[in-house]
Amino acid sequence: MAAKLTAAVALHQQGGLAQAKLMYAEILQAQPRHFDALQLLAAIAVQQKDPEAALVLFGHALEINPDNAAVLSNQASALLDLKRYEEALQSCDRALKSRPDYAEALSNRGNALWAMNRAAEALVSYDRALKIKPDYPEALSSRGAALRTLGRPREALESYDRALQLRPAYAEALNNRGASLQELRHPAEALDSYARAQMVLPVYADAHMNEALCRLMLGEFEMGWQKYEWRWKKEPGLSM
């Protein structure tokens, strides 16, 4: 069984989610309380945008090991996807009680607080995560979102730039970098950032919509109104 788990993990890490998922399921068929197979199958469910299935699996894993910080933090990610922010915050706090220096749980905690319109508290959580793990692009990008919400676009821009040094093809950071530049009245640079985000993720509605608003502001009405059609595909709220 150990050899099968090792092979499944290798496939998982290489992006072979379908094969890894099948192998984890086979392990669980033989050993229904196999902790690692449960949490890793749950992680695939999160990756495949099935947070409801992930929560069931994380719940089974936590019945076996209630204080596992990684499972609690990953459970928070699934809860965030379902917009169950208070529960996500509680899950992060449980993870941090078990492991106070867990950067991923601190970052997820910040995401829950930001989503609950508690941006100042979220910023504290992101800063704590980055003190532990300075090269953490997701936390840097999310920190930028908190700073923007707090009306600090110049600091947000610095945070996005740090994230992009670590991960140049980071669509969300590129898009929100553009929004910060737009707030700082640098529309040409903002448009360049939106274009880079769209190169990474061509169907990224937020980036197209932000480009539309920027072009309309510049009086480029033909292209602006054309891009404005992306509003029908845009997710509500500010992306991180």
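Analyst: Happy to; below we go through a few parts of this structure, and please keep in mind that the model is predicted.

User: Thanks. Let's start with helix H4: how many residues does it have, and how far does it reach?

Analyst: Helix H4 covers residues 51–64, which is 14 residues, and reaches 20 Å from its first C-alpha to its last. That is close to the 20 Å expected at 1.5 Å a residue.

User: Which residues of H4 are buried?

Analyst: Pro51, Ala54, Leu55, Leu57, Phe58, Ala61 and Leu62.

User: And what do those buried residues pack against?

Analyst: They pack against two helices, H3 (35–47) and H5 (69–81).

User: Let's zoom in on Phe58. Why does Phe58 count as buried?

Analyst: Phe58, which lies in helix H4, has a relative accessibility of 0%, and buried means under 20%, so Phe58 counts as buried.

User: What does Phe58 touch?

Analyst: Leaving out residues up to four places away in sequence, Phe58 touches Gln39, Ala42, Ala43, Val46, Val71, Asn74, Gln75 and Ala78.

User: How far apart are Phe58 and His12?

Analyst: In space, 17 Å from C-alpha to C-alpha; in sequence, Phe58 and His12 are 46 residues apart.

User: Changing topic: how many salt bridges does the structure hold?

Analyst: There are 12 salt bridges. One of them joins Glu104 and Lys133, with the closest N and O atoms 2.7 Å apart.

User: Where do those two sit?

Analyst: Glu104 is in helix H7 (residues 103–115), while Lys133 is in the loop between helix H8 (119–132) and helix H9 (137–149), so the pair ties together parts that are 29 residues apart in sequence. Glu104 is partly exposed at a relative accessible area of 24%, and Lys133 is also partly exposed, at 30%.

User: What about Arg148 and Glu183?

Analyst: Their side chains meet in a salt bridge, 2.7 Å from N to O. Arg148 belongs to helix H9 and Glu183 to helix H11 (residues 171–183), so this pair ties together parts that are 35 residues apart in sequence.

User: Buried or exposed, those two?

Analyst: Arg148 is buried, with a relative accessible area of 14%. Glu183 counts as partly exposed at 40%.

User: Nice. On to aromatics: how many pairs are there?

Analyst: The count comes to 1 aromatic pair. Trp225 and Tyr228 form that pair, edge-to-face, at 5.5 Å centre to centre with 90° between the planes.

User: How are those two placed along their helix?

Analyst: Both are in helix H14 (residues 221–228), and because they are 3 residues apart, about one helical turn separates Trp225 from Tyr228. Tyr228 is partly exposed, with a relative accessible area of 23%.

User: Last thing, the surface. Which residues make the nonpolar patch of about 240 Å²?

Analyst: Val200, Leu201 and Val203 make that patch. Val203 is in the loop between helix H12 (187–200) and helix H13 (205–217), and at 62% relative accessibility Val203 counts as exposed.

Terms used: Residues are numbered from 1 along each chain as its sequence is written. This is a predicted model: local features need pLDDT of at least 70, side-chain atom pairs count only at pLDDT 80 or more; totals for chains, interfaces and linings use all residues. Side-chain values use heavy atoms; hydrogens and water are left out. Patches are made of residues with over 30% relative accessible area and no salt bridge: like charges are joined within 9 Å, nonpolar side chains (Val, Leu, Ile, Met, Phe, Trp, Tyr) within 5 Å. Accessible areas come from the Shrake-Rupley method with a 1.4 Å probe; for residues, only the protein chains shown count as cover. A salt bridge is a side-chain nitrogen of Lys or Arg within 4 Å of a carboxyl oxygen of Asp or Glu. Helices (H or I, at least four residues) and strands (E, at least two) are DSSP runs, numbered from the N terminus. Buried means under 20% relative accessible area, exposed over 50%, partly exposed in between (1.4 Å probe, protein chains only). The expected span of a helix is 1.5 Å times one less than its number of residues. Contact means heavy atoms within 4.5 Å. Rings of Phe, Tyr and Trp (its six-membered ring) pair if their centres lie within 6.5 Å; planes under 30 degrees apart count as stacked, over 60 as edge-to-face and the rest as tilted.
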